[in-house]
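Please keep the sequence and the model in view while reading the points below.

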Amino acid sequence: MTPLQEQEFLGFTGPEEGPGLDRAARLRADPAAQAALWADPAARCIGFVAGDVLMAPEGSAPDPVTGLGLWSVPTAGQETVPRLFLGLIGAAPVFALDLPAAAAPAAAERADLRWMLPRLCPRASELAATARGLFVWHRFHGFCPACGGATRITHAGWQRDCPGCGRVQFPRTDPVVIMRIIRDDQVLLARSPGWPEGLHSCPAGFMEPGETPAAAVRREVFEETGIRVGAVRFLAAQPWPFPASLMLGCAGEAEPGAITLDPTELEAALWVGRSRLAAVLAGRDPDIRPPRPGTVARWMLRDWLARPAD
């Protein structure tokens, strides 16, 4: 266990949260079971509008099923809205709704999930990540990649079938390495073009076919910054449904050498020592904004600060 006992980021559910999400794949292809789950008085719905999450008003009490933060209501009255079956929390079924903007409830707050992570408990964050990832996948996979025919949703939202050629598609996840690179008690921070003003984070990049996570760490860091990386170890993972990533948080040890930016990938990269990083994470640095709260990047940096200096 790392010095930070709580993994405070999207998609992690600790034992203190009570029952986690049972995805109940055994029930997805059973129409009778799905009808019974929808009719269950304990069933709950969470909602999205065009990729935005619907949040409960700030300060609201946690929903007994879905936890803290999400707009969550019984299934009654939601029969005509496209839905996905997310699974069971204890014995309670949980569904996700893809609502048109006009149908969004006035009591709910429509927001970008990336900025809402600090308001979600771990259980709610897993539900939100699962639902958003599925809805985005459906939006971009309406046609068969083999024959071009229109596909249809099956298995309670977890599959798309092509009636024309029989091809079956499943939700995809794209692995991404995100790296805490250390040298001489400094950590490497980077900034991509187009990010919010001042925002810096750990370097990151998509894995390529045939790569291990460690190989992807070394390749990405060298391609983007010219820094070679030696030893690499895994730290933690985070679902990141923007649109379909799985962030694989790794720690790497940098070898000697100067930073040489790839300007098509990065706008800036620099080494930051402990005292400055503490100021960055506290919001006191005039030039650097830290990664968003609730992200594995921010957790990895806080974890490093919590460790004694070598």
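This is a predicted model: local features need pLDDT of at least 70, side-chain atom pairs count only at pLDDT 80 or more; totals for chains, interfaces and linings use all residues.

Residues are numbered from 1 along each chain as its sequence is written, and side-chain values use heavy atoms, with hydrogens and water left out. Helices (H or I, at least four residues) and strands (E, at least two) are DSSP runs, numbered from the N terminus.

**Burial of H3 and E2**

- Helix H3 is mostly covered, since 16 of its 19 residues are buried; buried means under 20% relative accessible area, exposed over 50%, and partly exposed in between (1.4 Å probe, protein chains only).
- Strand E2 (residues 44–49) has six of its six residues buried, so the strand is largely enclosed by the rest of the structure.
- Arg44, Ile46 and Phe48 point one way from E2, while Cys45, Gly47 and Val49 point the other way, and all are buried.

**Strand partners of E2**

- Strands E2 and E6 run parallel and are joined by five bridges; two strands pair if DSSP finds at least two bridges between them.
- Within E6, aspartate 98 is the bridge partner of phenylalanine 48.
- Strand E4 (residues 73–74) runs antiparallel to E2, with two bridges joining them, and proline 74 in E4 is the bridge partner of arginine 44.
- Strand E3 (residues 52–55) also pairs with E2 in the antiparallel sense, over two bridges, and aspartate 52 in E3 is the bridge partner of valine 49.

**Positive phi values**

- Alanine 50 belongs to the hairpin of E2 and E3, which has two residues between the strands, and takes a positive phi near 50°.
- Alanine 50 counts as exposed because its relative accessibility is 52%.
- Histidine 155, a residue other than glycine, likewise has a positive phi near 50°.
- The loop between strand E8 (152–154) and strand E9 (159–161) holds histidine 155, which counts as partly exposed at 31% relative accessibility.

**Glutamate 211 and its contacts**

- Glutamate 211 is found in the loop between strand E13 (204–206) and helix H4 (213–225).
- Its side chain makes a polar contact with the side chain of arginine 219 at 2.5 Å; a polar contact is a pair of N or O atoms within 3.5 Å, where within protein one must be able to donate a hydrogen and the other to accept it, and residues adjacent in sequence count only if both atoms are side-chain atoms.
- A polar atom of the side chain of glutamate 211 lies 2.9 Å from the backbone nitrogen of glutamate 208.
- Not counting residues up to four places away in sequence, glutamate 211 touches Ala216 and Arg219, where contact means heavy atoms within 4.5 Å.

**Other loop positions**

- Alanine 107 sits in the loop between strand E6 (92–98) and strand E7 (109–111) and is exposed, with a relative accessible area of 57%.
- The C-alpha atoms of alanine 107 and leucine 54 are separated by 9.4 Å, although the residues are 53 apart along the chain.
- The peptide bond from phenylalanine 242 to proline 243 is cis, with omega near 5°.
- Proline 243 lies in the loop between strand E14 (229–240) and strand E15 (245–254).
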